[in-house]
Amino acid sequence: MGELQGIGVSPGRAAGPVHRLAPPPPPPAPAVIDADAERARARDAVAAVCADLTRRADLASDATAAEVLRAQVLMAGDEMLLEAVDAAVGGGADAPHAFDAALAEHRAAFEAAGGYLAERVSDLDDIRDRLVAASLGLPMPGVPSPGHPFILVARDLAPADTAGLDPAVVLGLITEEGGPTSHTAILARTLGIPAVVRCGSILEISDGVLVSLDGSSGAVAPGISELSAQAVNDAQRELLARRSASTGPGATSDGHPVALLANIGSARDLAPSVEGVGLFRTELLYLDRTEPPAFAEQVAAYQEVFAALPGRKVVVRTLDAGADKPLPFLRLADEPNPALGIRGLRVARTMPSVLDTQLSAIAAAAAATSADVWVMAPMVATAGEAAAFAVSCREHGLRTAGVMIEVPAAALRAGAVLRDVDFLSIGTNDLSQYTFAADRMCGDLAELLDPWQPALISLIAACAAAGREAGKPVGVCGESAADPDFALVLVGLGITSLSMAARSIPAVREALAAHTYDECVQFAKAALAADTPTAARAAVRP
Ligand code: PEP
Ligand code: MG
């Protein structure tokens, strides 16, 4: 088989023998049943699966993985699911078939909803397989353990599989399905495991065959020799060792400074050496709640982060709820098109007290520490919204107020938006989604969501130019900032800070240190002049 092409979602190269994820257990032929016994069997299976997932969450090596697993415990223990199982048992099904039927119903509903929920279908499939296995007394399905390092291959990976992965054993991941924003991709990036998704035909490769993968370009080479596999892994090890030795502030080779900041969801994501935080996503505090977190609880959570970064910059984003980040306590009305509805700063139109309490809590936490606290609002569309947000911040005693640029309207009028705020931070994930009218969760539209799309680069250039004119900082905090080649283009456009998962910082620091500021400007000009993402990439790496 020749070279395969997928989408690279977690950078780095790896090589090793393929091992495929164990197939899920098939339900046995239906039997004549004792309904009470089957209901008890179903409840025992739910308890066993929830306990197993909770144990995995407790053992998970990072906060994101643990959070995802706890969300799965909630799904598996959901009362509505048990009611559907009870009803199926009432209709004559045994426990394994009842799970199968109940989860098929949930699956259809998720698929019909599309977007974020449709991408969660693999979570439901995983829960089904676990419940069926538990009710049959079989071991939990999941990641193979061949006793040596390997490349894990699967149709798709459920969070429960990915979260427990040990990067010393699982050298790389390749899936046939999944998208750039699926759990597989997000968790692979946080664990630092090179990964390629949407790689057709990968399941046809037999266990034991040696493959190499490139988590940046998405290239997969099957059937390589022992010697080339070793060369790939040696080169990757050397690269990581060199990068982990590099520290200090970001700058081009001729000393043009570029702040390299971290994206975090809570204090648990902080790495000790970071220059600062460029995006503190506060949603984590609000997840799975029927009531908003109390003022004191918020102060404590923010203060934990600020206190860990004395004298350093922390950019806190106010609550970004709605669309791909549904929060039950907001009780937002069902919308036909939630990504275009009440989300981000727009939530403050209907529930101003949520923003008000949050700004008070951020101000109280900031006053108790020496961190340099900046605050920004998500999903701002107009200069008027930006100005009103800045007024709210100042009323709460927060000195540095900015907005995220995620909507093309705000990018096109970046100069006006900047008039009343102190800085901009470009959220390229959403800016791509809204510029290309392409759902960011839709793996099939991945090429439109490619940050190298010239239209996206033009919008970023407009924001950077507005910042230069106003003498105010303009950063990028979307996933694109973590691409070392794209970072060069961003700096050349005039972007002043780049914020990304802490693990991605060393590669970006290294790329900047290898080029002068003028070279970055030339890369930016060439990328702006390109007509396609491929041509834009080639302008930096011919
Ligand atoms: C973005 O949209 O680029 C961003 C950083 O915000 P989030 O991914 O949290 O929506
Ligand atoms: Mg966003």
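User: Which residue stands opposite K313 in β12?

Analyst: In this predicted model, β11 covers residues 313–317 and β12 covers residues 372–380. Five bridges join these two strands, which run parallel. The residue of β12 that stands opposite K313 is D372.

User: How many residues of β12 are buried?

Analyst: A residue counts as buried under 20% relative accessible area. Helix α12 (residues 352–367) lies across β11 and β12. β12 is mostly covered, and of its nine residues the number buried is eight.

User: At about what angle does helix α12 run to β12?

Analyst: The angle is taken between N-to-C directions, on a scale from 0 to 180 degrees. Helix α12 lies across β11 as well as β12, and its angle to β12 is about 160 degrees.

User: In what order do the eight strands close into a barrel?

Analyst: Strand β9 (residues 259–264) and strand β16 (residues 497–500) run parallel and are joined by four bridges; L261 stands opposite S499 in β16. The pairing in the barrel is parallel, and the order of its eight strands is β9-β10-β11-β12-β13-β14-β15-β16.

User: What does the twist average from one strand to the next?

Analyst: The eight strands from β9 to β16 close into a barrel with parallel pairing. From one strand to the next, the twist averages 25 degrees.

Note on methods
Residues are numbered from 1 along each chain as its sequence is written. Chains are lettered from A and ligands numbered from 1 in the order in which they are written. This is a predicted model: local features need pLDDT of at least 70, side-chain atom pairs count only at pLDDT 80 or more; totals for chains, interfaces and linings use all residues. Side-chain values use heavy atoms; hydrogens and water are left out. Two strands pair if DSSP finds at least two bridges between them. Contact means heavy atoms within 4.5 Å. Buried means under 20% relative accessible area, exposed over 50%, partly exposed in between (1.4 Å probe, protein chains only).
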